[in-house]
Amino acid sequence: MTEAAPAIALDGLERRYGERAALAGVSLELPAGATLAVFGANGAGKTTLLRILATLLRPHAGHARVLGGSLPRDGWKVRGRIGLLAHDPLLYRELSPRENLRFHARLHGVPTARIETLLELVGLAGRGDDPVRTLSRGLAQRVAICRAVLHEPDLLLLDEPYANLDPAAVEAVSPLVGRASGCTRVIISHDIEAGLGEADLVLGLRDGRQVLRQVRSAIDTATVRELYG
Amino acid sequence: MSTAGAVAALLRKDLRLELRTRESVPAMLLFSVSTFVIFRFGLDRETLAGDLAAGVLWVTLLFAAVLGINRLFVAEREEGGFDAFLLAPVDRTAMLWAKALLLFAFLTAVELAAVPVYSVLLLGPSPFQALPGLAGLLVLANAGIAVVGTLVAALAIQTRARDLIVPLLALPLLLPIVIAGAQATAPLFAPAGAEPLPGRWLTVLGLYDVIFGLVAFAVFDFLLED
């Protein structure tokens, strides 16, 4: 990918579940290193968009280019460069954080030393051997963040990254998933102020359709709030 | 990462999960032993030999296998393991081989305990003469059950009716294994002592393994697609 090429380029993206269009006509370009904030009420198509970008769902129409690869054809090329923090933590509940992270480190070919660095960073070194099922939702979210960034991805897809985190934890994970990470980011958030605070580009979805696409500087909270009306 | 490395990582994780939760192997074993007891009283026979002994053993092992097949992908589905695996830059067939090896290990573990129990509870002839032949048959059969079971489990886990789909698909697909296994085992359990293994049925089991191994390799990728 050249310096000028966008990290994400979508053109008329569509995805259906049966007869229902979960996503229709979504088009945008996101430069490398920039942050896209996605807003919309429940069922608006945000998670579907995230899963398409993560190569987990095939688009039914339109074009999607992610990190220089055309989806779904080049999904295998780019998926190791994507970090997904989904609504579910994608962790085995009976395994400990260390065991979960060691498993993912092996799949991604990451040295296991990074696991300790990450656990230390998010303040979980002391609970690293407890089963995930015994952790609070906030602590599990910290482990999920470690999993998402374990392989130092170029693109971070974040569904409510700060959900269940206390202010200290938010500060702790900011270098990993915040602007300081230097990654291209797509963030789903229901916290409009926080989402806008992170964004360079804003996408609004309603019933799967793109109803808003603006650079952050051209938009205010009231406009975003209308999406939920 | 290489496919072999990914298979090893998945297998290690799954074995650790089974050791921690003990959800599959104990249930399969308990089921097998209970079925032997039911046969003992249901048939009202203290010992079995020949065709009947072979049939009871293979039918019991087949139904026990269905229990393991049913649970094979549950952690991946319920705890997001599929998504996490699909995001990794590894060959997707690594999941097929890892789960097939896991099921093979589960079946072997169950048989290591269930066959001696069967010998004590029901089998008339001495099992010692039959052991080498039976062990070879079980290895061949386990390989086939593991591959087909993984394929069926991957298909069924995508549906809401997993508990129904697994037996409905697995039992007819695994029927050739039961037929070949029982036919090959019957001479081993002959009342007068173990007779030689019939090579024809060993060939059937071997061919079944190869054919379904290739089919699974060809279609597994598509089962993981959305």
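Which residues in H3(A) meet Val143(A), Cys146(A) and Arg147(A) in H5(A)? The model is predicted, with local features needing pLDDT of at least 70, side-chain atom pairs counting only at pLDDT 80 or more, and totals for chains, interfaces and linings using all residues. Residues are numbered from 1 along each chain as its sequence is written, while chains are lettered from A and ligands numbered from 1 in the order in which they are written.

**View 1. Contact of H3(A) with H5(A).** Pro97(A), Asn100(A), Leu101(A) and His104(A) are the residues of H3(A) that meet Val143(A), Cys146(A) and Arg147(A) (contact: C-beta atoms, placed from the backbone, within 7 Å). Helices are DSSP runs of H or I with at least four residues, and strands are runs of E with at least two, numbered from the N terminus.

**View 2. Strands E1(A) and E4(A).** Strand E1 (residues 8-17) and strand E4 (residues 61-66) of chain A pair in the antiparallel sense over five bridges; pairing requires that DSSP finds at least two bridges between two strands. Ala9(A) stands opposite Arg65(A) in E4(A).

**View 3. The hairpin of E4(A) and E5(A).** E4(A) also pairs with strand E5 (residues 69-71) of chain A, in the antiparallel sense, over three bridges. Leu71(A) in E5(A) is the bridge partner of Ala64(A). Two residues lie between the strands of this hairpin, and Leu67(A) in the turn has a positive phi of about 50 degrees.

**View 4. Contact between chain A and chain B.** Chain A gives 23 residues and chain B gives 21 residues. On the side of chain A, H3(A) supplies the largest share, six residues.

Conventions:
Contact = placed C-beta atoms within 7 Å.
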